[in-house]
Amino acid sequence: MTVDGRGPIETATAELVEWLTGAAGEPVPIGPPRAGGDADGLTLWPLELRPAQQTRSSGAVREPYRFTVRYLLSVAGPAGLAVLDRVLAATTRDGRYPVVLEAGAAALWHALDAAPRPALLIDVPAQVDHPTPAAPRSCSRCGCVRSRCARSPAGSSARRTSPSPPCASRCPARRPRPAPGPTAGS
């Protein structure tokens, strides 16, 4: 999920619709190609999710899961051709959204129960982000990696004005080392 509560597909769709509306000069509704009707323009429909190359990290942090959402942008009515021209010109100028000019497969239009028409396939990258685990905080008093310092009252991070000893009893890295004793030969 994103910070605004939307998932990756919803976010990719909203961003593409916003871009298409600017490129087309008119709103582009989301929906399957219309079989008939009197509205001219474009329709956008999420067609499929496609795999993308994944990356792997060597650390404890999980890399985002990457994929591509493929959309069908199709013409509705004869006046929609001019709008499609504007979008095609904008995609070649901008390069932000790559287009595929193979949207004319008869099986696709049959499955959508619509007559074949000019259309573009637009691939939009998306990803599922994994939250990064919070790094442990170090003690503000002695530097030990603890969420609460054993010397601070109730885990308070407030500094005392008088110096106090480090968390030697709780932090192995801060324990005092024993003084060297007499050697066997003395």
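Which residues in helix 1 meet which residues in helix 2? The views below take this up in a predicted model, where local features need pLDDT of at least 70, side-chain atom pairs count only at pLDDT 80 or more, and totals for chains, interfaces and linings use all residues. Numbering starts from 1 along each chain as its sequence is written, and side-chain values use heavy atoms, without hydrogens and water.

**View 1. The contact of helix 1 with helix 2.** From helix 1 come Trp19, Leu20, Ala23 and Ala24. They meet Val83, Arg86, Val87, Ala90, Thr91 and Asp94 of helix 2. Contact means heavy atoms within 4.5 Å. Seven of these residues are nonpolar, one is polar and two are charged.

**View 2. Packing geometry of helix 1 and helix 2.** Axes are lines fitted to C-alpha atoms over the stretch in contact, and angles run from 0 to 180 degrees between N-to-C directions. The two helices are therefore roughly perpendicular, a term for 65 to 115 degrees. Helix 1 passes helix 2 in a right-handed crossing.

**View 3. The protein chain as the setting.** The chain has three helices and four strands, in the order α-β-β-α-β-α-β along the sequence. Helices (H or I, at least four residues) and strands (E, at least two) are DSSP runs, numbered from the N terminus. Of its 186 residues, 30% count as buried, meaning under 20% relative accessible area with a 1.4 Å probe, protein chains only.

Methods. Angles under 35 degrees count as roughly parallel, over 145 as roughly antiparallel, 65 to 115 as roughly perpendicular and the rest as oblique. A crossing is left-handed if the near helix is turned anticlockwise from the far one by less than a right angle, and right-handed if clockwise. Ala, Val, Leu, Ile, Met, Phe, Trp, Tyr, Cys and Pro count as nonpolar, Asp, Glu, Lys and Arg as charged, and the others, Gly among them, as polar. Buried means under 20% relative accessible area, exposed over 50%, partly exposed in between (1.4 Å probe, protein chains only).
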